[in-house]
Amino acid sequence: MTAILYSVIIFIACTVGAVVGIGGGIIIKPLLDFIGIHSVETVGFISTCAVFAMSISSSIKHIKSKTEMKPKIVLLVSIGSVFGGIIGNEIFDLVLAKLNSDIVKGIQAVIITAFIVFVIIYVNAKNIKSFEIKNPAAIIAVGLMLGLMSAFLGIGGGPINTAFLVLLFSFTVKESAVYSVAIIFFSQLSQLITIFINNQFTPFKEYTPIIVAAMAVSVIGGIIGSQLNKKLSNKTITKIFSAVLIIVAVINIYNAAVGFIAK
């Protein structure tokens, strides 16, 4: 029953995530935390596996469709996100070792909500200020920051990626979605490699059926979402992006309250 419930949530999240470039983790993690069946560590791992699978299928679909991209930006941001993902995962482990898991969940929810509010306001603002970063070191630094935050928060980085790509590279939300999915692949890959190197897979072995189901529906969601991204207008994608984030923000506020009260 849990596997079915999770699969439905993850399929919808990854389909929407591939459409607007939010990865799906920003939806998956708060909802699974809200349901409260598994610990913050397990939810984070399931979310990471699902988003990683989605990013693979969605990226392959975009490559086959010959979606226009600037390889230099993808490569440099991804390099930074790999190292950022490793650092973010280590920070998460350190914080979890020091604090109660409910408190960690609350902290994550507060940070995610703050980012969501910023992102919604920014992408919907008229005449928004944007830049066009070209310095390779600066581009890598952007990737480092995005990878760190996505790994620590366990969300894949989607909406944070999208907003900062719009801000720093003058992309539209639709364009940012494509780059975001590619960046998510590398940041989630680095997180899984870190878990493997530290031999942290053992606690999650009992959840293998759920993880396999999650990754399977994520692949399908990634394919469908990338197709919809090609068909929908930038205006429509921006509206979907904002609507989803508003719903997620409300869930995160609830999760934050529950996390801190549980202390």
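Contact means that heavy atoms lie within 4.5 Å of one another. This report uses that term for a predicted model, in which local features need pLDDT of at least 70 and side-chain atom pairs count only at pLDDT 80 or more, while totals for chains, interfaces and linings use all residues. Residues are numbered from 1 along each chain as its sequence is written, and side-chain values use heavy atoms, with hydrogens and water left out.

Helices here are DSSP runs (H or I, at least four residues), numbered from the N terminus. Serine 78 belongs to helix 4, which covers residues 71-98. A residue is called buried under 20% relative accessible area, exposed over 50%, and partly exposed in between (1.4 Å probe, protein chains only). Serine 78 counts as buried because its relative accessibility is 2%. Not counting residues up to four places away in sequence, serine 78 touches Ile73, Ala182, Ile183 and Phe186.

Serine 81 is also found in helix 4. With a relative accessibility of 0%, serine 81 is buried. Its contacts, leaving aside neighbours within four places in sequence, are Gly143, Leu144, Gly147, Ile183, Phe186, Ser187 and Ser190.

## The nonpolar core and its helices

A nonpolar core is a set of buried Ala, Val, Leu, Ile, Met, Phe, Trp, Tyr and Cys residues joined through side-chain atoms within 4.5 Å. The largest such core has 69 residues, and the members touching the most others are Ile10, Ile28, Ile46, Ile116 and Phe169. Helix 3 (residues 40-64) makes the greatest contribution to this core, with 9 residues. What does isoleucine 10 contact, leaving aside its neighbours within four places in sequence? Its partners are Ile28, Ile46, Ala50, Ala214, Val217 and Ser218.

Isoleucine 10 is among the buried residues of helix 1, which also include Tyr6, Ile9 and Ala13. In helix 9, the buried residues include Ala214, Val217 and Ser218, along with Gly221, Gly222 and Gly225. Helix 3 is largely enclosed by the rest of the structure, because 19 of its 25 residues are buried. Just after helix 3, lysine 66 takes a positive phi of about 55°.

The expected span of a helix is 1.5 Å times one less than its number of residues. The table sets this value beside the reach from the first C-alpha to the last.

| Helix | Number of residues | Reach | Expected span |
|---|---|---|---|
| Helix 1 (residues 2-20) | 19 residues | 27 Å | 27 Å |
| Helix 3 | 25 residues | 36 Å | 36 Å |
| Helix 9 (residues 208-231) | 24 residues | 35 Å | 34 Å |

## The cavity

A cavity is a set of points, on a 1 Å grid over the protein atoms alone, where a 1.4 Å probe fits but cannot get out; lining residues have an atom within 4 Å of a point. Grid points are joined across faces, edges and corners, and a volume is the space filled by probe spheres set on the points. The count comes to 1 cavity of 30 Å³ or more. The largest cavity has a volume of about 40 Å³.

Which residues line the largest cavity? They are Lys29, Pro30, Asp33, Lys105, Gln108, Ala109, Ile112, Asn252 and Asn255. At least two lining residues come from each of helix 2 (25-35), helix 5 (101-124) and helix 10 (234-261). Helix 5 gives the most, with 4 residues. By class, the lining has 3 nonpolar, 3 polar and 3 charged residues. In this grouping, Ala, Val, Leu, Ile, Met, Phe, Trp, Tyr, Cys and Pro are nonpolar, Asp, Glu, Lys and Arg are charged, and the others, Gly among them, are polar.

## Residues in the loops

Leucine 99 lies in the loop between helix 4 and helix 5. At 37% relative accessibility, leucine 99 is partly exposed. Leaving aside neighbours within four places in sequence, leucine 99 is in contact with Val104 and Ile107. Leucine 99 and aspartate 33 are 66 residues apart in sequence, and their C-alpha atoms are 17 Å apart in space.

Lysine 134 is placed in the loop between helix 5 and helix 6 (136-153). Is lysine 134 buried or exposed? Its relative accessible area is 58%, so lysine 134 is exposed. Not counting residues up to four places away in sequence, lysine 134 touches Lys72 and Ile139. The C-alpha atoms of lysine 134 and valine 244 are separated by 31 Å, and the two residues are 110 residues apart along the chain.

Serine 170 occupies the loop between helix 7 (158-169) and helix 8 (173-197). Although serine 170 is not a glycine, it has a positive phi of about 60°. With a relative accessible area of 36%, serine 170 is partly exposed.

Terms used: On a 1 Å grid over the protein atoms alone, a cavity is a set of points where a 1.4 Å probe fits but cannot get out, and a pocket is an open set with protein on both sides within 12 Å along at least five of seven lines; lining residues have an atom within 4 Å of a point.
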